Amino acid sequence: MAQLHGNAPTNATPEGRAGLGRLIGAGLILVSVVLLALGAYLGPYSYATATPGKLTVETCTVDYKYRSSSSSTSSGSRKGTKTKWCYGTFTTADGSTKDLNAELRSDALYQRGDVLDAFKAGDTSYQQDHGWVGAVAVGCAWWFGALVPLGIGILSITTGFAFGGTSDFRRAREAASQGLLGTVFVMIAVGVVGFVVSLLVTFFV
């Protein structure tokens with residue numbers, strides 16, 4: 001008598017999915033740590049170690065970059081971005097060094113002879129100086145952004161949530177306490193709002 005063999009299940013077992021979820025959670029937490037480090041480096045650290053000075057504007061230009069829209073190629077429509085650049089002479093605050101060919105990305109088109117607060121962040125890299133408020137705001141944008149993967153990572157590593165659809169989320173929600181879910185949702189909400197506010201601060205300072 002022939003024996004019937006059932007087909008192997010195509011879906012991962014709950015235990016296997018939970019193991020994958022914890023692995024994903026560990027990866028997301030690692031990503032959040034990297035974002036926190038980048039925020040510290042690109043924000044306060046870079047500003048504290050930069051060389052302050054002034055840029056005397058010689059000229060300013062606008063750099064246009066266009067890309068065609070795939071949905072409207074037939075009509076020839078193109079979307080573009082524009083970046084403002086100013087060129088001139090950078091002089092350090094103590095007057096010891098001058099760079100006659102300095103350039104920086106600016107927030108406006110300035111007139112020849114205008115003097116901008118600027119700092120030298122590298123060998124040839126210059127940025128407008130928005131003070132400590134701007135530097136901390138840049139760092140905060142990265143730090144708040146890090147809360148989103150951190151919150152999701154904590155949920156995944158605690159409950160095994162592996163982004164496997166509705167059933168996986170339902171299983172993770174049942175495994176998580178109300179306190180954990182509330183904490184994760186608050187972290188994500190604070191991260192998104194803080195990120196947006198930080199970007200607004202960097203734009204207006």
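Author: Two residues are in contact here when heavy atoms of the one lie within 4.5 Å of heavy atoms of the other. The model is a predicted one.

Reader: What makes Asp-129 a residue with contacts beyond its neighbours in sequence?

Author: Leaving out residues within four places in sequence, Asp-129 has Tyr-47, Asp-117, Ala-118 and Phe-119 in contact. Asp-129 itself sits in the loop between β5 and α2. Between Asp-129 and Phe-119 there are 10 residues of sequence, yet their C-alpha atoms are 5.9 Å apart.

Reader: Why is the meeting of the side chains of Asp-129 and Tyr-47 called a polar contact?

Author: The cut-off for a pair of N or O atoms is 3.5 Å, and one atom must be able to donate a hydrogen and the other to accept it. The two side chains are 2.9 Å apart, which is within the 3.5 Å limit, so the name applies. The side chain of Asp-129 also has a polar atom 2.8 Å from the backbone nitrogen of Gly-131.

Reader: Why is Thr-92 called buried?

Author: Buried means a relative accessible area under 20%. Thr-92 has 10%, and therefore counts as buried. This residue belongs to strand β2, residues 78-92. Apart from residues within four places in sequence, Thr-92 is in contact with Thr-51, Pro-52, Gly-53 and Thr-97. A polar atom of the Thr-92 side chain lies 3.2 Å from the backbone nitrogen of Ser-96.

Reader: What makes Arg-173 partly exposed?

Author: Partly exposed covers what is between buried, under 20%, and exposed, over 50%. Arg-173 has a relative accessible area of 44%, so it is partly exposed. Arg-173 is in helix α3, residues 166-175. Its C-alpha is 9.1 Å from that of Leu-155, 18 residues away in sequence.

Reader: What kinds of residue make up the lining of the largest pocket, by class?

Author: There are 16 nonpolar, 12 polar and 4 charged residues. The lining has 32 residues, and those nearest the centre are Gln-127, Gln-128, His-130, Val-138 and Thr-202. Two or more lining residues come from each of α1 (14-48), β2, β5 (126-128), α2 and α4 (178-204). The volume of this pocket is about 1,000 Å³.

Reader: What pattern does the chain follow, read along the sequence?

Author: The pattern is α-β-β-β-β-β-α-α-α, with 4 helices and 5 strands in the chain. The chain has 205 residues, and 26% of them count as buried. Of its contacts between residues at least 6 apart in sequence, 65% join residues at least 24 apart.

Note on methods: Residues numbered from 1 in each chain as written. Predicted model: local features only at pLDDT ≥ 70, side-chain atom pairs only at ≥ 80, totals over all residues. Heavy atoms only, no water. Buried < 20%, exposed > 50% of the residue type's maximum accessible area, 1.4 Å probe, protein only. 1 Å grid on protein atoms, 1.4 Å probe; cavity = no way out; pocket = protein on both sides within 12 Å on 5 of 7 lines; lining within 4 Å. Points joined across faces, edges and corners; volume = space filled by probe spheres on them. Nonpolar A, V, L, I, M, F, W, Y, C, P; charged D, E, K, R; others polar.
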